[in-house]
Amino acid sequence: MTALPTRADEAWRYADLAALAPVWPVATETISIDAGETAARTLVIDGAAVHDIVVSVGDGAAFAMHVLNAARGYGRVALRVTLGRGSRFHLGAAQIAGGEQTVEIVTEVVHTAPDATSRQIVRQVLGGRATGNYLGRVMVDRGAVGTDGEQSIRAILLDRGATANARPELEIFADDVKCAHGCAIGELDQDGLFYLASRGLPPAAAKAMMVQAFLAEAFVGAADGERLTAAALAALEHLL
Amino acid sequence: MLEIDNLYASVADKPILKGLSLTIRPGEIHAIMGPNGAGKSTLGYTLGGRPGYGVTGGSVVFDGQDLLAMEPHERAAAGLFLGFQYPVEIPGVSMVQFLRESLNAQRKARGQEPLSGGAFLKLAREKAALLKLDPEMLKRPVNVGFSGGEKKRAEMVQMGILDPKLAILDETDSGLDIDALRICGEGINAIMRRPDKAVLLITHYQRLLDYVKPDVVHVLAGGRIVRSGGPELAHKLEAHGYEGVAA
């Protein structure tokens, strides 16, 4: 655990290892949600930060996590989530990066018991020569029937030099499960930008409006959604 | 108001407009009719400044300014409105937010104070009522889930809110049923028929012109105006077709 990871390690394949070295090893944060309880966590990264979080969601419990990863430097959030019977996990994450930065979200969600639900919505806006990663594995153990898992991963590249890596993975060892994943990486819709411009919006304002709408999907259901949106807009000012 | 002189424009290096000239004075409503592929929509997009529509010759003066030197948002602030044949859907952005920010961006460019939220909503409701559009629709994402007719009526509501000097309306009548056609036509008259405003209607059919009576009708074919006349020209086109009239 104390040895610095290498690119051979799948979870670190696209990481900024040079930026990781000075802060390694990273302490693991543990979150436990007792059976039947409901909890939420919001994480905003606006400096450089590497988070390693282990979450255990008890039977019938619910945990919602919202992340804005707008790191200046290397920003990484690794989540390992274990889901009990009938529990619910929601991740809504937005990543914003420019320059030469790397931002990443790495998740492993384990459905250990029947009837748990997991939702992961990740939206990335990347400019310059930045790299944004999502590596997400959903594991459905034997016996975890009735699992409902979903991963929705989308990225907008503002510049040709930006890179998005999106890798949703499913490992399913149970029957009667529902697991969906979708990925899309693209540019801002040029028709939409012209439409907004034709009504009088300057290019930066038109882009901000479309990007804000795109990112908003990650903040749906967040108790402090307005704070997240404001922080996202502040981060976008450097990019647009 | 608008002086187009010998305009040449290309899309993807293909010449579409080939020496188009047209003058519109304040208070006038002009209609441009023409067969598919004549360059009608290209004219609208070129005047609006859409990327990819390259001007290769000629000039356009709008209200004393060189229109072609301006960015699309600057053209809007100068008083140009482009009504889209296919209004674009923008998920996640409400009509209200979009239009308020657009109007205030225009006002800022003109050195005017921004309109307050309350004053904007009053204006938006007033224009929605004019076009018989449920004001609740303005809370929805831009054009998302709107029917074809609702999109066109919403375009006219936008025009009413933005209050341009010159409206270029690209096939506003397409996709409209008879009632919506009348409502849009009456909306265009109410908003734009003023001594200090002008309209360029791009259309295939006579039917919109029954409601919005043009002062001048032009036939566009092969990238240039091949014939101009009074309202009777539109009736002739309807009766004899483009080949019979423009040849």
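This is a predicted model: local features need pLDDT of at least 70, side-chain atom pairs count only at pLDDT 80 or more; totals for chains, interfaces and linings use all residues.
**View 1. The contact between chain A and chain B.**
Chain A brings 17 residues to this contact, and chain B brings 30. About 1,900 Å² is buried between chain A and chain B. Carbon and sulfur atoms give 70% of that area. Three residues stand out on the side of chain A: Phe194(A), Tyr195(A) and Arg199(A). Together they supply 44% of the area that chain A buries against chain B, more than any other three residues. The size of an interface is often given in this way, as the accessible area lost when the parts come together.

**View 2**
Two salt bridges are counted between chain A and chain B. One of them joins Arg199(A) to Glu155(B). Their closest N and O atoms are 2.8 Å apart. Which elements of chain A give two or more residues to the side that touches chain B? They are helix 2 (190–198) and helix 3 (203–216) of chain A. Helix 2 of chain A has the largest share, with seven residues. By class, this side of chain A holds ten nonpolar, four polar and three charged residues.

**View 2. Arg123(A), a buried arginine in strand 8 of chain A.**
Strand 8 of chain A covers residues 117–126 and includes Arg123(A). Is Arg123(A) buried or exposed? Arg123(A) has a relative accessible area of 4%, so it counts as buried. Its side chain makes a polar contact with the side chain of Ser152(A), at 3.0 Å. Leaving aside neighbours within four places in sequence, Arg123(A) is in contact with residues from several parts of chain A, among them Ala93(A), Ala94(A) and Gln95(A). Ile153(A) and Arg154(A) are also in contact with Arg123(A).

**View 3. Asp176(A), an exposed residue in a loop of chain A.**
Asp176(A) is found in the loop between strand 11 (163–172) and strand 12 (178–186) of chain A. Its relative accessibility is 61%, so Asp176(A) counts as exposed. What does Asp176(A) touch, not counting residues up to four places away in sequence? It touches Val145(A), Gly146(A) and Thr147(A). Gly143(A) is 33 residues apart from Asp176(A) along the chain. The C-alpha atoms of these two residues are separated by 9.6 Å.

**View 4. Strand 7 of chain A and its parallel partners.**
Strand 7 of chain A spans residues 102–111. It is mostly covered, with nine of its ten residues buried. Strand 5 (residues 75–83) of chain A runs parallel to strand 7 of chain A, and nine bridges join the two. In this pairing, Val77(A) has Ile105(A) as its bridge partner. Strand 9 (residues 131–140) of chain A also pairs with strand 7 of chain A in the parallel sense, over ten bridges. Here His111(A) stands opposite Val140(A). In a regular strand the side chains alternate between the two faces of the sheet.

**View 5. An open antiparallel sheet in chain B.**
In what order do the four strands of this open sheet in chain B lie? The order is 2-1-4-5, and the pairing is antiparallel. Strand 2 and strand 5 (65–66) of chain B are the edge strands, and each pairs on one side only. Strand 1 (residues 2–11) of chain B is joined to strand 4 (residues 53–62) of chain B by eight bridges. Leu2(B) stands opposite Phe62(B) in that pair. Strand 1 of chain B also pairs with strand 2 (residues 14–24) of chain B, over eight bridges. There, Ser10(B) stands opposite Pro15(B), and Leu7(B) has Leu20(B) as its bridge partner. The hairpin of strand 1 and strand 2 of chain B has two residues between the strands. In this hairpin, Ala12(B) takes a positive phi near 50°.

Helix 1 of chain B runs over residues 40–48. Eight of its nine residues are buried. Among them are Lys40(B), Thr42(B), Tyr45(B) and Leu47(B). Gly49(B) comes just after this helix and takes a positive phi of about 90°.

Methods:
Residues are numbered from 1 along each chain as its sequence is written. Chains are lettered from A and ligands numbered from 1 in the order in which they are written. Side-chain values use heavy atoms; hydrogens and water are left out. Contact means heavy atoms within 4.5 Å. Buried area is the accessible area (1.4 Å probe) that two parts lose on being put together, summed over both. A salt bridge is a side-chain nitrogen of Lys or Arg within 4 Å of a carboxyl oxygen of Asp or Glu. Ala, Val, Leu, Ile, Met, Phe, Trp, Tyr, Cys and Pro count as nonpolar, Asp, Glu, Lys and Arg as charged, and the others, Gly among them, as polar. Buried means under 20% relative accessible area, exposed over 50%, partly exposed in between (1.4 Å probe, protein chains only). A polar contact is a pair of N or O atoms within 3.5 Å; within protein, one must be able to donate a hydrogen and the other to accept it, and residues adjacent in sequence count only if both atoms are side-chain atoms. Two strands pair if DSSP finds at least two bridges between them.
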